[in-house]
Amino acid sequence: METKKTKPPKLPRAALKLRQADPFYEQEVARYAQPLPSRAYLLQILTERGAPMEPAELAELFAIQPEEADFFARRINAMAREGDVVINRKGALCIAEKLDLIKGRVVGHPDGFGFVVPDDASGDLFVGPKEMHKVLHGDRVMVREIGVDRRGRREGKIVEVLEHVHDRLVGRLFVERGVRFIRAEERRITQEILVSPEGSLDAEPGQVVTVELVTQPNRYSQPIGRIVEVLGNYADPGMEIEIALRKHDLPHVFSPDAEAQARKTPQKVLKKDWKTAEGLKRVDLRELPLVTIDGETARDFDDAVYAEKAGKGWRLVVAIADVSHYVQPGDALDRDGYERGNSVYFPRRVIPMLPEELSNGICSLNPEVERCCMVCDMQIDAKGELGKYSFYPAVMLSKARLTYTEVWEVLQDPKGEAAKARKAVAGHLADLYALFGVLLKARNRRGAIDFETTETRMVFNEAGKIERIEPVMRNDAHRLIEECMLAANVCAADFLGKHQHTALYRIHEGPTERKLENLRRFLNERGLSLGGGDEPQAKDYALLMEQVKGRPDTALLQTMLLRSMQQAVYSPERLGHFGLAYDAYTHFTSPIRRYPDLLVHRSIRAVLAGTTYKPGKWEEIGAHCSQTERRADEATRDVENWLKCYFMRDRLGEVFDGVISAVTNFGLFVLLDGLFVEGLVHISELGADYFRYDEAGHCLRGERSGKVYGLTDKLTVKVARVDIETSKIDFVLVEKAQAASAGQDEQPAGRDAAPRSGGKRSGKAKKDQPAVAAPAASSPEVAAAPAPEPAPARPRPPLPKPGRAAPGRRSARRRPWCRLLRRSTRRWLRLRPRRHPHQFLLRLRRRSGAAASRPRWRPC
């Protein structure tokens with residue numbers, strides 16, 4: 001029996017007219033048979049009302065029907081969750097802006113306090129430990145500014161928690177006095193999670209576990225959770241990666257739907273694949289001698305190259321794996337790929353963006369097998385300038401899988417053994433190398449910045465621990481591929497821009513005003529200047545780098561220039577790439593491991609087919625991809641730091657040479673020569689002095705001694721402490737350690753400033769000496785106060801017998817004490833302090849300058 005569809009009830013004329021006045025009425029009509037008022041319209045009504053309103057009042061105003069009540073309540077709750085409104089104690093809706101509340105995200109600190117970063121970028125608010133007890137790092141909150149703290153920072157009070165972002169945490173299990181609790185591996189979460197006895201798995205104290213939060217923290221109680229996964233012991237092989245995956249919430253298990261789709265994906269090119277889903281026919285490039293050039297350990301090959309002479313210029317073909325042919329918008333693989341954002345490369349393990357059936361199979365340009373690809377076919381003139389180009393889908397067959405080392409051997413010795421072994425492609429490699437020389441000259445004319453950095457590689461033993469850390473030597477084979485990929489990426493950005501199709505661009509903006517001011521001040525101190533005025537360009541940076549080549553402080557200047565720049569992000573805005581000196585730049589060449597590249601492929605295919613690709617809100621997608629990239633970098637850094645700590649654990653007490661790699665207000669970070677391991681020399685280890693942090697000069701300067709410790713300074717340090725749990729390594733200066741062992745107080749070596757005149761300080765000068773500056777939020781510790789010079793030892797007189805004083809000494813030693821006691825006894829008896837008389841007499845002796853020791857006699 002068929003059921004008749006019920007028609008929506010007829011609304012009162014006033015309520016219907018009010019609903020139709022909604023600026024988003026048309027959108028609501030498309031979603032609901034009886035449109036509900038939108039969020040923006042509800043905020044407008046609340047603003048016009050000028051006073052808090054009960055939800056029931058709003059429901060009556062809009063004539064909300066019983067069948068609409070549930071949806072209307074969800075909308076109100078969503079507005080409260082997003083911080084648009086606040087529900088007060090009486091249940092009334094209040095506009096958050098009217099209550100002077102600020103929405104933001106909590107950033108915790110290992111010392112218990114934290115900060116709230118406002119959504120409007122209006123400046124962080126300090127949150128004390130008491131307020132941080134209500135939330136966890138990363139939670140979204142509403143705060144009210146209540147003033148400034150003792151250091152002049154804006155201080156806030158958490159009024160409401162909008163969203164708890166953590167439902168699972170990874171940490172170590174501890175048991176104290178029969179109470180089980182977990183300390184999170186995320187050190188910015190300082191609350192201990194109590195373990196519920198119900199539903200928890202059995203685990204031994206000290207093991208690493210995953211806990212599911214059943215009760216979030218609040219003002220009165222700690223978070224409570226139950227153990228849902230036992231990972232194992234802390235030092236087990238591979239545990240550092242398992243911790244990083246869960247600590248940074250990295251998706252590492254594909255959904256069942258994605259795995260099923262990957263298994264069904266054919267592992268060879270079928271006849272139907274010669275035409276794309278948009279109806280585009282593929283070009284046959286199977287005879288073109290395309291080759292892949294990657295590292296020795298690479299398993300996914302997503303790019304192949306070929307170059308040939310064409311008149312006075314060159315033809316460059318860059319073929320990229322056509323992942324968009326196998327991963328369609330909205331399918332299971334696409335959803336998982338978007339969630340991951342990119343592949344994550346840990347030492348000895350890779351977390352791919354796509355399953356291996358695609359990343360190492362049908363989408364990998366393996367040698368001597370047919371593969372679908374997207375091609376960028378370019379014409380380059382004799383000066384290295386890009387001319388005409390075209391994009392088209394094709395089918396290719398890679399002629400060789402080459403490594404950087406192998407290609408470099410062929411190019412260095414065209415008649416050597418390596419060239420003979422690759423005789424079929426050696427001539428094409430020579431053409432590629434000749435083209436590279438032309439592209440490199442064009443790069444230099446363009447003014448792109450080329451920093452010289454040292455990459456490292458960890459070599460592991462059979463137990464899975466670091467055996468050594470060695471530098472990766474870059475050669476022209478690496479740079480050859482980079483220039484080819486840059487050319488293809490620039491063409492992709494230009495192609496999408498010309499056709500006015502929205503896509504994700506890779507943008508890298510110039511230095512901020514503050515960073516530029518600090519950089520210019522630093523350069524002026526060294527007699528250098530940066531051109532370009534208030535808006536320097538990449539060529540100004542490149543020109544300065546060329547000027548300072550050969551100077552002893554070249555590494556320092558390069559570091560300062562690099563740190564003055566901003567971080568590159570993904571955005572739909574065409575703002576250019578500052579470092580590469582491009583007006584527009586995007587990522588096209590790695591769709592296997594980067595989701596933004598997959599989106600660019602889809603956009604190009606849409607333009608070729610005459611359609612438009614609309615994946616959703618481009619701004620949100622760009623922000624998400626930028627966040628996943630930073631998340632992967634942080635996770636990789638955590639794993640590498642843990643492995644380096646484990647590597648240095650057996651080197652306690654050893655002495656190494658190193659250079660200062662970073663300067664903070666709480667100490668120096670030193671990078672060890674040959675080991676490429678970084679550790680901290682705390683400011684208290686620099687000597688008996690007050691050290692001031694110079695932010696512009698990136699150095700610590702001693703007030704008394706004039707010692708200066710700056711970036712790239714060479715130091716000799718000793719490994720003093722290795723903390724695997726926090727992945728921190730502490731160093732001490734060798735001179736300091738030797739002085740401590742010899743019972744002396746030598747000043748460690750640093751850069752000496754000009755000696756101060758005036759000889760020794762007078763007592764008045766010591767009294768006026770400034771206090772140590774308070775450290776920044778990144779470290780609660782402060783510099784150690786300078787130790788007073790020890791007075792020459794004098795022979796102590798023999799102790800007097802009980803009841804007697806040493807002749808000639810009693811009067812001199814006891815006169816200040818007795819005089820103060822006589823003057824204060826009557827006042828003490830009159831006030832009758834609540835403190836014990838011993839404490840009162842100790843205070844008297846401190847005022848008189850005598851030693852604060854317990855008096856020998858007991859007052860009645």
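Contact here means heavy atoms within 4.5 Å. Please keep in mind that this is a predicted model. With that cut-off, Leu432, Tyr433, Phe436, Leu439, Leu440 and Arg443 in H13 meet Asp476, Arg479, Leu480, Glu483, Cys484 and Leu486 in H14. Sorted by type, the residues of this contact are eight nonpolar, no polar and four charged.

How do the two helices lie against each other? Two packed helices are described by the angle between their axes and the distance between the axes. For H13 (residues 423-446) and H14 (residues 476-498), the axes come within 9 Å and cross at roughly 70°. Angles of 65 to 115 degrees count as roughly perpendicular, and H13 and H14 are therefore roughly perpendicular to each other. The crossing of H13 past H14 is left-handed.

Now for the charged pairs. Side chains of opposite charge can pair when their charged atoms come close. Across the whole structure, a search finds 43 salt bridges. One of them joins Glu470 and Arg457, with their closest N and O atoms 2.1 Å apart. Glu470 lies in strand E23 and Arg457 in strand E22, so this pair ties together parts that are 13 residues apart in sequence. Glu470 counts as buried at 18% relative accessibility, whereas Arg457, at 44%, is partly exposed.

Arg153 and Asp149 also form a salt bridge, at 2.8 Å from N to O. Here Asp149 is buried, with 11% relative accessibility, and Arg153 is partly exposed at 21%. Finally, have a look at Glu229, Glu242, Arg246 and Arg349, which are linked in a network of salt bridges.

Key. Residues are numbered from 1 along each chain as its sequence is written. This is a predicted model: local features need pLDDT of at least 70, side-chain atom pairs count only at pLDDT 80 or more; totals for chains, interfaces and linings use all residues. Side-chain values use heavy atoms; hydrogens and water are left out. Axes are lines fitted to C-alpha atoms, for helices over the stretch in contact, and angles run from 0 to 180 degrees between N-to-C directions. Helices (H or I, at least four residues) and strands (E, at least two) are DSSP runs, numbered from the N terminus. Angles under 35 degrees count as roughly parallel, over 145 as roughly antiparallel, 65 to 115 as roughly perpendicular and the rest as oblique. A crossing is left-handed if the near helix is turned anticlockwise from the far one by less than a right angle, and right-handed if clockwise. Ala, Val, Leu, Ile, Met, Phe, Trp, Tyr, Cys and Pro count as nonpolar, Asp, Glu, Lys and Arg as charged, and the others, Gly among them, as polar. A salt bridge is a side-chain nitrogen of Lys or Arg within 4 Å of a carboxyl oxygen of Asp or Glu. Buried means under 20% relative accessible area, exposed over 50%, partly exposed in between (1.4 Å probe, protein chains only).
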